[in-house]
Amino acid sequence: MDNCKEESLLCDFHIHTNYSDGSLNLRKVVDIYGQTGHDIIAITDHLVDKTNLMGMAAHTINASLSEENFEEYLENIVYESKRALDKYDMLVMPGVEITKNHISAAKSAHILLIDIKKYIPPELSYKKLFLEAKKQNALIIAAHPYHVLGLDKETLYLWNNRKYFSKYIDAWEIGCNKDLFNVVSLESYPFVANSDFHKTSHIHSWRTLLYCKKEIECVKKCIKDNTKVAIKFFRK
């Protein structure tokens, strides 16, 4: 990766569309980010574990991707990524938010898998999920893994068990939407900050700044190394 010439890149790796519970379609989301000067984004619609009533309900109301529409989802992201590169010089990466919700926040976890290539069943155990993601060379990010103001569902499982899971996780979300956390920096774990975009107003939120070449493998390496990563609050 010696050829990863550095440049400053404005990034958001946590974005939803109406493929799950976002209010806008994929093309509109891409245009919003392209028109606001972003360099790299990841589309990360929910892929919900349906082994309990909460997960089954998400699938019933079409608030989750499914195995049946997953190939279409990836194909549309690939199509939009080509358009975004031509029109905005913006990279669009395919991803998902593995969503394991429980009544207890201590048992709940959300996991961003960035640069995913094929479907991974969200019902797998955490270890198997992480190993399948590693096989695809996907980036693994723990999404809002602690107390978050305003979220309907807090997701504390990964953070509470970080001594075991940190070896699988490439980065932790230190900022999400308008919230900012200090526990990741205090523990010296790799970090990113994202919008958790669901609607247009969420464009005003935390972002990641990377200093690397604008290529997918360079981006993933930069996040994993986490020596040339910063965060900023984005307003346009």
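**Exercise 1. Find which residues Asp31 is in contact with, leaving aside its neighbours within four places in sequence, and decide whether Asp31 is buried or exposed.**

*Solution.* Work in this predicted model, and take the steps in turn.

- Step 1: Set aside the neighbours within four places in sequence; Asp31 is then in contact with Arg83, Lys87 and Tyr88.
- Step 2: Asp31 sits in helix 1.
- Step 3: Check its accessibility. The relative accessible area of Asp31 is 14%, and buried means under 20%, so Asp31 counts as buried.

**Exercise 2. Describe how helix 1 (residues 26-35) and helix 3 (residues 70-88) are arranged, and list the residues that meet.**

*Solution.* Start with the axes, then move on to the side chains.

- Step 1: The two axes come within 10 Å and cross at roughly 30°.
- Step 2: Angles under 35 degrees count as roughly parallel, so helix 1 is roughly parallel to helix 3.
- Step 3: The crossing of helix 1 past helix 3 is right-handed.
- Step 4: From helix 1, the residues in the contact are Leu26, Arg27, Val30, Asp31, Gly34 and Gln35. Their partners in helix 3 are Asn76, Ile77, Tyr79, Glu80, Arg83, Ala84, Lys87 and Tyr88.
- Step 5: Sort this contact by class, and you get 6 nonpolar, 3 polar and 5 charged residues.
- Step 6: For the spacing, recall that an α-helix has 3.6 residues a turn, so residues three or four places apart point the same way.

**Exercise 3. Work out which strands pair with strand 6 (residues 171-176), and in which sense.**

*Solution.* Go through the partners one by one.

- Step 1: Strand 7 (residues 179-180) pairs with strand 6 in the antiparallel sense over 2 bridges, with Cys176 opposite Asp179.
- Step 2: Look at the link. Strands 6 and 7 form a hairpin with 2 residues between them, and Asn177 in the turn has a positive phi of about 55°.
- Step 3: Finish with burial: 6 of the 6 residues in strand 6 are buried.

**Exercise 4. List the buried residues of helix 8 (residues 216-225), and find the phi of Asn226 just after this helix.**

- Step 1: The buried residues of helix 8 are Cys218, Val219, Lys220, Cys222 and Ile223.
- Step 2: Just past the end of helix 8, Asn226 has a positive phi of about 60°.

Methods: Residues are numbered from 1 along each chain as its sequence is written. This is a predicted model: local features need pLDDT of at least 70, side-chain atom pairs count only at pLDDT 80 or more; totals for chains, interfaces and linings use all residues. Side-chain values use heavy atoms; hydrogens and water are left out. Buried means under 20% relative accessible area, exposed over 50%, partly exposed in between (1.4 Å probe, protein chains only). Helices (H or I, at least four residues) and strands (E, at least two) are DSSP runs, numbered from the N terminus. Two strands pair if DSSP finds at least two bridges between them. Axes are lines fitted to C-alpha atoms, for helices over the stretch in contact, and angles run from 0 to 180 degrees between N-to-C directions. Angles under 35 degrees count as roughly parallel, over 145 as roughly antiparallel, 65 to 115 as roughly perpendicular and the rest as oblique. A crossing is left-handed if the near helix is turned anticlockwise from the far one by less than a right angle, and right-handed if clockwise. Contact means heavy atoms within 4.5 Å. Ala, Val, Leu, Ile, Met, Phe, Trp, Tyr, Cys and Pro count as nonpolar, Asp, Glu, Lys and Arg as charged, and the others, Gly among them, as polar.
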